[in-house]
Amino acid sequence: MVHELPVWFEWASLSALAVLLLVDLFVVGRRPHVPSMRESALWVGFYVALALVFGAIVGAVGGAAPAGEFYAGWLTEYSLSVDNLFVFVIIMARFAVPRDQQQRVLMVGIIVALVLRGAFILAGAAIIAQFVWVFYLFGAFLIYTAIKLVAGGDEPEEYHENRAVRALRKVLPLGTQYDGGRLRTVEDGKRVFTPLVIVFLAIGSTDLLFAFDSIPAIFGLTQDPFIVFTTNVFALMGLRQLYFLLGGLLERLVYLPIGLAVILGFIGVKLILEALHENTLPFINGGEHLDAVPTVPIWLSLVVIIGALAVTTIASLLRTRALHAQDGPAATAAASDVAPVEGAVEAPAVESVDEVASAGEAPPWGTGPQDGAGR
């Protein structure tokens with residue numbers, strides 16, 4: 001349901017979040033660096049605490065129902081965002097982003113993602129308000145996604161350029177070298193865009209693709225556009241620091257796909273039950289509501305989400321520890337050799353196409369239309 005939260009509270013909250021994002025972007029832009037584990041942990045703790053406080057404020061202003069929906073939605077979006085970090089790691093390595101610029105890339109990419117998600121959320125809210133039966137589609141899609149996660153949970157994720165990135169490479173004159181944090185530079189006497197432009201779009205647009213399962217999932221917990229958007233903001237705001245905090249540890253969460261599958265499958269069933277309860281389709285019960293169909297209360301959603309995350313995290317850590325104990329110190333050493341290659345902080349610090357070429361790889365950003373390739 002859409003809660004009657006005061007308009008002044010919604011505008012004040014969105015304004016405060018916008019200021020926080022801009023300040024964060026300014027700080028990152030002024031001091032690009034690779035954050036330490038301690039710094040990353042402190043920032044992650046800050047954003048988690050901020051989300052918990054905001055949920056309490058929502059409860060004080062609007063009551064227990066919107067607060068519970070916010071917490072359930074935030075936990076769901078945050079857990080799904082953690083899974084996105086695997087692909088962000090691959091993008092950073094694929095485009096050879098300098099390590100000291102990775103924070104800025106993530107910050108700008110997250111802002112782009114928030115703008116795109118905002119439009120997606122508004123469209124979704126408008127559709128749901130007019131066509132309740134869309135919950136059937138959302139629910140079926142989430143159940144399908146859950147099955148797919150379980151079936152392919154052990155397969156490594158890969159990054160493939162989407163149409164938006166390919167289109168940008170055809171339009172803009174792109175250079176082959178990074179120039180610190182600059183978006184424009186001079187190569188061979190010509191003004192060109194640096195590869196950072198492509199990476200910004202790659203992070204933002206790739207996140208939007210992930211939103212095709214996370215947005216229906218959050219609408220399965222609340223239909224209030226304000227709560228839907230703020231849960232996405234809080235989930236994405238802490239994602240940058242979480243990227244550096246987890247790094248190579250992401251691969252230790254071996255059962256994370258199963259946990260996410262449980263959450264998505266549960267929300268998918270919840271959506272279908274709600275669609276049946278509010279049914280308007282003429283070929284189901286003559287277009288009448290099915291009042292006998294139970295609806296899932298928000299407290300049960302919170303229990304399932306927290307339980308699934310806790311069980312899969314603990315099981316993953318126990319599984320990893322057991323494997324290390326079986327294989328001995330050699331396996332631990334091998335794992336420490338592999339982790340930095342996939343980890344966020346250790347992404348290759350290649351700064352020019354010449355260095356990439358010397359490694360036998362083609363630059364992923366291309367050379368732009370100025371050389372006649374026009375890819």
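1. Helices here are DSSP runs of H or I with at least four residues, strands are runs of E with at least two, and both are numbered from the N terminus. By that rule, the protein has 13 helices and two strands. Helix 1 covers residues 7-30 and includes Val27.

2. This is a predicted model, in which local features need pLDDT of at least 70 and side-chain atom pairs count only at pLDDT 80 or more, while totals for chains, interfaces and linings use all residues. Residues are numbered from 1 along each chain as its sequence is written, and side-chain values use heavy atoms, with hydrogens and water left out.

3. The accessible surface of the protein is about 17600 Å², and 67% of it belongs to carbon and sulfur atoms. Such areas come from the Shrake-Rupley method with a 1.4 Å probe; for residues, only the protein chains shown count as cover. Of the 375 residues, 47% count as buried, where buried means under 20% relative accessible area, exposed over 50%, and partly exposed in between.

4. Contact means heavy atoms within 4.5 Å. Among contacts between residues at least 6 apart in sequence, 80% join residues at least 24 apart.

5. Val19, Val23, Phe26 and Val27 make a nonpolar surface patch of about 360 Å². Patch residues have over 30% relative accessible area and no salt bridge; like charges are joined within 9 Å, and nonpolar side chains (Val, Leu, Ile, Met, Phe, Trp, Tyr) within 5 Å. A salt bridge is a side-chain nitrogen of Lys or Arg within 4 Å of a carboxyl oxygen of Asp or Glu. Val27 has a relative accessible area of 42%, so this residue is partly exposed.

6. The whole structure holds 12 aromatic pairs. In the pair of Phe9 and Phe226, the ring centres are 6.0 Å apart and the planes stand at 65°, so the pair is edge-to-face. Rings of Phe, Tyr and Trp (its six-membered ring) pair if their centres lie within 6.5 Å; planes under 30 degrees apart count as stacked, over 60 as edge-to-face and the rest as tilted. Phe9 is in helix 1 and Phe226 in helix 8, 217 residues apart, so the pair links distant parts of the chain. Both residues are buried.

7. Phe70 and Tyr71 are also edge-to-face, with ring centres 5.8 Å apart and planes at 65°. Phe70 is buried at 1% relative accessible area, whereas Tyr71 is partly exposed at 22%. One aromatic cluster is formed by Trp8, Phe9, Phe54, Phe70, Tyr71, Phe226 and Phe234.

Note on methods:
Buried < 20%, exposed > 50% of the residue type's maximum accessible area, 1.4 Å probe, protein only.
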